[in-house]
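Please take a moment to look over the sequence and the model before reading on.

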Amino acid sequence: MTTPGFTEVFLAFVLVAISIVIGRWWKIPVAKDMALGSVRAFVQLIAVGYALEFIFGLQSTPVVLGVLIVMTLVGAQTAAGRVKKLPNAFLLNFSAMLAGSVITIATMYVCNIITLEARYIIPLGGMIIGNSMNASALTIERLSSDIRSNRLPIETSLSLGKTWRAAAHKYMRSAATAGMISILNFMKTVGIVALPGAMTGMILAGADPLEAVLLQIIVGYMLLSAVTITSVVAVELTVRKFFTTHHQLRHES
Amino acid sequence: MSQTQSLLSLQNLSRQINSNGKDRSIVDQVSFEFERGRIYNILGPSGSGKSSLLRLINRLDEATSGDVLFHGTNITDLDPCQLRRQIGYLFQVPHLFEGTVRDNVRHTCPDITADRVNQLAERIQIEPSILDNPVDNLSEGEKQRVAIARLLATNPEVILLDEPTSALDPARTETIEKLVCKIVSEDGITTLMVTHNPEQAVRMGGETLLLVDGCLVEYGSSSDVVNNPQTEQGRRYREKKLS
């Protein structure tokens, strides 16, 4: 493979044109989205490329951490958009994502698997935060909707003397599972159904396949940890919004 | 009756909710003392605060003002989970949990003995042979009786029944009414039963409390409250029911 430059990227735009033609031929109303999406992806990624080049050049740990915090804030804002009815949704998502990301990155750092160099920490942090964002949003959304639609069973348990935790346990478990489902499916099928991005990227860039696979395994374990911690923290923080300290299900929940 | 002798006492109990930006009283300054081993019917039109009153006693909701005393102690000073085992609540539409009849009876007390489960089954007139059947196969009447057995498993001193027969046909209604009367007379469990049916209140006997717009407007023996109301609201309620 040739080293890609702007010429190769513009040539690859032929593939976008093919997709738009197919869309029009089949009368799927996505031509506009395809065109806009392709241009947007180009602009965003080029901007990110320049930004990363600049950040890598700075070699400053506070800047790296700042970038990770900004990524988490933006991710939390996006995740909060999916659970608008819940008060403090942004804070819930941010706290859960922060817990998942910080514990995972800190463990990797303490185990000497990664260093705090921007070249490693930003792409890995991006993957961790992205997956935590999805886990957090899915977990909070599932827990909120399950509690709202199961008031009778929950209040029945409470009325019989169960604690709020016992009354909501089934829904807490199910929400945490919902948050983790995509990483669990990924772990089951990785390498068989699809070759993951990090590994594919390294192989395309000329790295030894075994080296790429080892890194991918580490990335997989890292994502599993981040998603698990995020989901559990999201459940623990969210469920308290629905109950009072006197084991009552809030009416406004 | 003095506070210490009373099993359950309501003192100026009120609950307000915010509805469409306005505060509205759904239970308004209700005071009453309930004695041990008696049945009390809570009667009133829809939206008069009957179910809300039971929810306050079970502490599923918090009172805006006033107190509920249980054995003379304010329920806010008691552990809510312990309180609810002593004051059981049966919802209008009982929810049975996934599993068998036995699982449901043991829901709150997983350590309950097999003998006690059989005893409860006998009490609610359910054949011990169906104890291991899934609850999905039960009729509405059987579901209601299983929910009552589950309530009795914790040996409560008070049970709160929210229109337990509203979804049942006359034959099943009669079965539940007889069962409730037996629980009161033989087990000595104080029972507060919400009903919107004055005839049912008379059939159940005991005392009746008439609630209108969240206020306790009349109380006394069930036949007196239903047939010979002393207040204007009581008479209006009777006329409406008769018409």
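Leaving aside its neighbours within four places in sequence, which residues is Thr72(A) in contact with? The model in which this is asked is a predicted one, and the residue in question is found in helix H3 of chain A. Once the sequence neighbours within four places are set aside, the contacts of Thr72(A) are with Phe94(A), Met97(A), Leu98(A) and Ile129(A). Thr72(A) has a relative accessible area of 3% and, because the cut-off for a buried residue is under 20%, Thr72(A) counts as buried.

In general, two packed helices are described by the angle between their axes and the distance between the axes. For helix H3 (residues 61-80) of chain A and helix H5 (residues 118-149) of chain A, the axes come within 9 Å and cross at roughly 20°, and the two helices are therefore roughly parallel to each other. The crossing in which H3(A) passes H5(A) is right-handed.

Helix H1 (residues 6-25) of chain A packs with helix H2 (residues 31-58) of chain A at an angle of about 160°, and their axes lie 9 Å apart. That angle makes H1(A) roughly antiparallel to H2(A), and H1(A) passes H2(A) in a right-handed crossing. From H1(A), the residues Phe6(A), Val9(A), Phe10(A), Phe13(A), Val16(A), Ser19(A), Ile20(A) and Arg24(A) meet Ala31(A), Met34(A), Ala35(A), Ser38(A), Phe42(A), Ile46(A) and Tyr50(A) from H2(A). This contact divides into 12 nonpolar residues, 2 polar and 1 charged.

Seen as a whole, chain A has 9 helices and 0 strands, and along its principal axes its C-alpha trace spans about 70 × 55 × 35 Å. Of the 253 residues in chain A, 35% are buried. Among the contacts in chain A between residues at least 6 apart in sequence, 72% join residues that are at least 24 apart.

In chain B, helix H1 (residues 50-57) is mostly covered, with 7 of its 8 residues buried. Those buried residues of H1(B) are Lys50(B), Ser52(B), Leu53(B), Leu54(B), Arg55(B), Leu56(B) and Ile57(B). Just after H1(B) comes Arg59(B), which takes a positive phi of about 60°.

It remains to consider the confidence of the prediction. Chain A has an average pLDDT of 91, with 99% of its residues scoring at least 70, while chain B has a mean pLDDT of 92, with 98% of its residues at 70 or more. Within chain A, confidence is lowest in helix H8 (residues 197-204), at a mean of 82, and highest in helix H6 (residues 151-159), at 96. For the model, the scores are ipTM 0.92 and pTM 0.85.

Note on methods. Residues numbered from 1 in each chain as written. Chains lettered and ligands numbered in written order. Predicted model: local features only at pLDDT ≥ 70, side-chain atom pairs only at ≥ 80, totals over all residues. Heavy atoms only, no water. Axes fitted to C-alpha atoms, helices over the stretch in contact; angles between N-to-C directions. Helix = DSSP H or I, 4+ residues; strand = E, 2+ residues; numbered from the N terminus. Parallel < 35°, antiparallel > 145°, perpendicular 65-115°, else oblique. Left-handed = near helix turned anticlockwise from the far one by under 90°. pLDDT = per-residue confidence, 0-100. Buried < 20%, exposed > 50% of the residue type's maximum accessible area, 1.4 Å probe, protein only. Contact = heavy atoms within 4.5 Å. Nonpolar A, V, L, I, M, F, W, Y, C, P; charged D, E, K, R; others polar.
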